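Please consider the following note alongside the sequence and the coordinates.

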Amino acid sequence: MQLHEFVDAVTGEEPPMTRTADDIVAAGRRAQRRRRAGFASVGVAGLVVVAVAGAFTLPTLGVERNTTAAPAPAGATTSGSTGARWSDAAPFTFTFTGYDAGTLHVQNPIVTSTGYQIASVYSDGHTSNDKPVTAEEAEARGDVVDRKRKAVGGKPTLWAYLTVYRPGAFDPAGIKDGRKVTVAGRKAVQATLPVGLDPRKPVDPGNKLLAWEYAPNAWAAVTSFSSSAATPSFQDLGGLVGGLKPSRPKPALVPFTVGYVPSGYLPLQTGTHAMPGLSGIATARAGDYGGATYTRPAAPTSGLTAPYDAVDGAIKDGFHIFVTPSSSSNQSPEPGATKCYPGADRRPAAAGAGGGGFCNIWSADGTVSLQVSGMGLGDALPLAELEKIARGIRVADVRNESTWTPAAQALRP
């Protein structure tokens with residue numbers, strides 16, 4: 001299910017322009033409860049994540065978590081140039097650190113890919129949507145949207161992130177209705193994005209994109225989804241331009257190594273102390289350990305206008321690896337067990353192919369969950385292959401980063 005379908009399915013007949021970030025978050029929580037009920041009917045308690053392209057997808061799972069959110073392991077810092085060159089680093093490498101720009105605060109990046117790296121952006125005047133709440137908190141407080149609508153002087157909500165693209169990866173001409181501007185002496189493009197990121201719907205003044213050329217043929221873009229049409233403004237976002245500086249390249253680490261990958265599948269993106277891609281940015285403070293996404297064939301590394309999983313149907317054949325606390329899963333831990341489940345929209349397997357689903361392996365003490373899932377990424381791999389991938393993975397000490405492996409090595413058998 002794509003984001004615009006997801007929003008339509010859970011928001012009823014409300015006028016499109018009333019669907020704020022809060023609406024999407026709350027609606028997603030309702031939809032996730034329905035998905036859990038559906039899985040229960042076939043003997044499955046639920047998923048760590050159900051992939052849905054676009055913004056505000058994974059904060060919806062926060063209500064299902066059983067622990068309070070941990071603080072971000074990599075907080076915002078002041079970035080300073082070390083003389084490093086932007087073009088020096090290979091994919092799956094971090095090349096900048098967090099920095100402040102007025103009321104906006106870029107965090108250290110936690111997502112890498114073959115085409116970019118991503119960091120969360122927080123604002124002093126907003127409540128971030130990337131911090132899950134416990135089921136108990138949600139039950140006690142009621143619906144988050146209703147609470148905030150009734151609150152007097154409550155902060156608007158914001159989900160924002162900075163994507164720093166590798167040289168040649170980003171195409172500013174591909175931004176729909178983009179307006180060319182100059183910010184801090186650099187070429188830039190700004191645009192207002194549609195409701196739910198659905199191109200068929202009208203623009204929402206709270207959804208903004210500002211992209212700029214930070215080095216020759218290399219662009220960065222800040223994407224902001226706010227329940228306030230006025231803040232952050234394009235001027236506020238423009239304050240981020242001057243603060244983006246290169247740092248000493250640092251390989252992205254993941255808390256596992258793979259032993260088997262089916263033929264033709266290649267690593268696409270990672271999460272360090274987070275799930276991979278926009279899923280990781282959407283739950284940046286959830287306390288997850290790490291993950292990766294694979295795709296077949298290799299995804300394009302040029303002509304991009306957004307992260308791979310922000311575009312409807314961009315990943316048609318792939319799988320995820322997630323390493324998370326068991327408390328982040330909807331399923332009860334089963335220490336040392338391996339369990340595999342077919343997808344909810346199962347298709348008859350023919351000639352050993354198709355079907356989809358996911359496999360879980362719990363640590364011996366039941367505190368850590370490893371999941372390999374094809375759901376939301378085409379469901380092309382049969383369960384037998386997903387299980388073979390999962391059994392070939394070796395998980396490091398999730399609490400000791402010195403045991404983790406650079407992604408470029410870890411993701412290839």
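Which residues does W404 touch, not counting residues up to four places away in sequence?

1. Basis of the note. This is a predicted model, in which local features need pLDDT of at least 70 and side-chain atom pairs count only at pLDDT 80 or more, while totals for chains, interfaces and linings use all residues. Residues are numbered from 1 along each chain as its sequence is written, and side-chain values use heavy atoms, with hydrogens and water left out.

2. Surroundings of W404. W404 touches L253, V254, P255, T272, H273, Y289, A396, D397 and V398, residues up to four places away in sequence not being counted; contact here means heavy atoms within 4.5 Å. Of these, P255 is 149 residues from W404 in sequence, yet the C-alpha atoms of the two are 4.7 Å apart. W404 itself belongs to the loop between β21 (394-395) and β22 (405-406); strands (E, at least two residues) and helices (H or I, at least four) are DSSP runs numbered from the N terminus.

3. With a relative accessible area of 7%, W404 is buried (buried is under 20% relative accessible area, exposed over 50%, and partly exposed in between, with a 1.4 Å probe and protein chains only). Its side chain reaches the backbone oxygen of D397 at 3.0 Å. A polar atom of the W404 side chain also lies 3.4 Å from the backbone oxygen of N400.

4. Strand β11. How many of the nine residues of strand β11 (residues 218-226) are buried? Nine of its nine residues are buried. One side carries A218, A220, V222, S224 and S226, the other W219, A221, T223 and F225, and both faces are covered. In a regular strand the side chains alternate between the two faces of the sheet.

5. Partners of β11. Strand β7 (residues 157-165) pairs with β11 in the antiparallel sense over seven bridges, where pairing requires that DSSP finds at least two bridges between two strands. Within this pairing, Y161 stands opposite T223. β10 pairs with β11, also in the antiparallel sense, over eight bridges, and A215 has A218 of β11 as its bridge partner. β10 and β11 form a hairpin with two residues between them, and N217 in the turn has a positive phi of about 60°.

6. Five salt bridges are counted, a salt bridge being a side-chain nitrogen of Lys or Arg within 4 Å of a carboxyl oxygen of Asp or Glu. One of them joins K187 and E213, at 3.6 Å from N to O. K187 lies in strand β9 (residues 186-194) and E213 in strand β10 (residues 203-215), so the pair ties together parts that are 26 residues apart in sequence. K187 is exposed at 52% relative accessibility, whereas E213 is buried at 17%.

7. Salt bridge within a loop. D317 and R296 form a salt bridge with their closest N and O atoms 3.0 Å apart. Both residues lie in the loop between β16 (290-295) and β17 (318-325), so the pair ties together parts that are 21 residues apart in sequence. D317 is buried, at 11%, and R296 is partly exposed, at 36%.

8. Salt bridge within a helix. E387 and R391 form a salt bridge, the closest N and O atoms being 2.9 Å apart. Both lie in helix α7 (residues 383-392), four residues or about one turn apart. E387 is partly exposed at 27% relative accessibility, and R391 is partly exposed at 48%.

Conventions:
A polar contact is a pair of N or O atoms within 3.5 Å; within protein, one must be able to donate a hydrogen and the other to accept it, and residues adjacent in sequence count only if both atoms are side-chain atoms.
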